[in-house]
Amino acid sequence: MLTIENVSKTFFRGTPNEKTALRNVNLKLENGDFCTVIGSNGAGKSTLLNAVAGVFPVDEGRIILAGKDITKMPEHRRAALIGRVFQDPMKGTAGNMMIEENLAMAARRGDRPGLSWSEKKEKTEEFRALLAELGLGLENRLTAHVGLLSGGQRQAVTLLMATLRRPELLLLDEHTAALDPKTAAKVLDMTERIVAAKQLTTLMITHNMRDALRFGNRLIMMHNGAPVVDVRGEEKKKLTPADLLRLFEEAGDAVSDKMMLG
């Protein structure tokens with residue numbers, strides 16, 4: 001499904017601020033993999049997601065998604081294949097547009113732009129039903145502007161938008177980090193439910209060890225720009241926070257309270 005081959009990325013090359021963010025990364029996700037990615041600040045987690053999303057070109061290597069070489073594909077074209085939820089709830093939605101309008105845009109992701117706007121009754125009812133599944137009462141607020149929603153509500157809408165038209169890959173970039181613990185738990189539960197229902201191939205960055213262990217069938221730890229631990233299936237299920245802490249220490253990483261407690 002997703003294949004990353006020998007990918008490297010260095011920022012500010014040749015300057016005093018030179019920083020190698022990715023070092024010869026090789027990674028393959030199979031169809032339906034829900035992979036959590038953990039690592040300390042500067043380990044390369046977000047750089048990896050941004051490279052896959054096409055935010056910047058990589059220096060070396062290839063990125064292949066659903067059989068297509070997307071290495072040189074611009075970000076806006078990758079959007080037809082990739083759903084993404086950002087850390088900042090303000091991203092991923094248009095705050096000055098209604099909830100229904102945001103969902104209508106997401107439903108047409110990848111289509112050729114046009115002047116027509118779909119407001120068919122059946123589409124409205126479809127959106128209402130999908131929002132009802134979130135359990136946040138948003139099904140009764142279709143005409144509310146997204147900018148008036150709380151951070152958790154807005155992130156839930158973003159998650160729904162990212163998966164409304166089934167993506168080949170779902171990228172979650174610490175998408176609950178800006179939320180309070182109770183709201184974050186709700187959004188994570190929604191995430192798990194949607195990923196399972198649609199059998200989405202998913203790459204989720206988190207700083208939280210417990211979330212990294214709880215969610216998904218696979219866990220990758222990054223250190224110094226490359227994966228250093230890759231566990232899956234039964235091996236992942238057997239991991240404890242103490243095991244993960246030991247792996248961090250073996251990699252030479254410092255562990256923050258945020259990583260331990262979220």
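Helix H1 (residues 45-53) lies across strand S3 (34-38), S6, strand S7 (169-173), strand S8 (202-205) and S9, and runs at about 145° to S7; contact here means heavy atoms within 4.5 Å, and angles, from 0 to 180 degrees, are taken between the N-to-C directions of axes fitted as lines to C-alpha atoms, for helices over the stretch in contact. Helix H5 (residues 151-164) also packs on this sheet, where it touches S6 and S7, and its direction makes about 175° with that of S6. The model is a predicted one, in which local features need pLDDT of at least 70 and side-chain atom pairs count only at pLDDT 80 or more, whereas totals for chains, interfaces and linings use all residues. Residues are numbered from 1 along each chain as its sequence is written, and side-chain values use heavy atoms, with hydrogens and water left out.

The protein chain has 10 helices and 10 strands, these being DSSP runs numbered from the N terminus (helices, H or I, of at least four residues; strands, E, of at least two). Six of the strands form an open sheet of mixed pairing in the order S6-S7-S8-S3-S9-S10, two strands being paired if DSSP finds at least two bridges between them. Strand S6 (82-85) and strand S10 (226-232) are the edge strands of this sheet, each pairing on one side only, and neighbouring strands are turned by 20° against each other on average, direction ignored. Strand S9 (residues 218-223) and S10 run antiparallel and are joined by six bridges, with Ile220 standing opposite Asp230 in S10.

A further open sheet consists of four strands in the order S2-S1-S4-S5, with antiparallel pairing; its edge strands, strand S2 (19-29) and strand S5 (68-69), each pair on one side only. S1 and S4 pair in the antiparallel sense over five bridges, and Ser8 has Glu60 in S4 as its bridge partner. Helix H1 lies across S1, S2 and S4 as well, running at about 65° to S2.

One aromatic pair was found under the rule that rings of Phe, Tyr and Trp (its six-membered ring) pair if their centres lie within 6.5 Å, with planes under 30 degrees apart counted as stacked, over 60 as edge-to-face and the rest as tilted. Phe11 and Phe56 form this edge-to-face pair, with 5.2 Å centre to centre and 85° between the planes. The pair links distant parts of the chain, since Phe11 belongs to strand S1 (residues 2-11) and Phe56 to the loop between H1 and strand S4 (60-65), 45 residues apart. Phe11 is partly exposed, with a relative accessible area of 25%, whereas Phe56 is buried at 14%; buried means under 20% relative accessible area, exposed over 50% and partly exposed in between, with a 1.4 Å probe and protein chains only.

Arg210, placed in helix H7 (residues 209-214), is partly exposed, with a relative accessible area of 47%. Arg210 and Pro241 are 31 residues apart in sequence and 6.7 Å apart in space, C-alpha to C-alpha.

The C-alpha trace spans about 55 × 40 × 35 Å along its principal axes, and buried residues make up 48% of the 262 residues. Among contacts between residues at least 6 apart in sequence, 69% join residues at least 24 apart.
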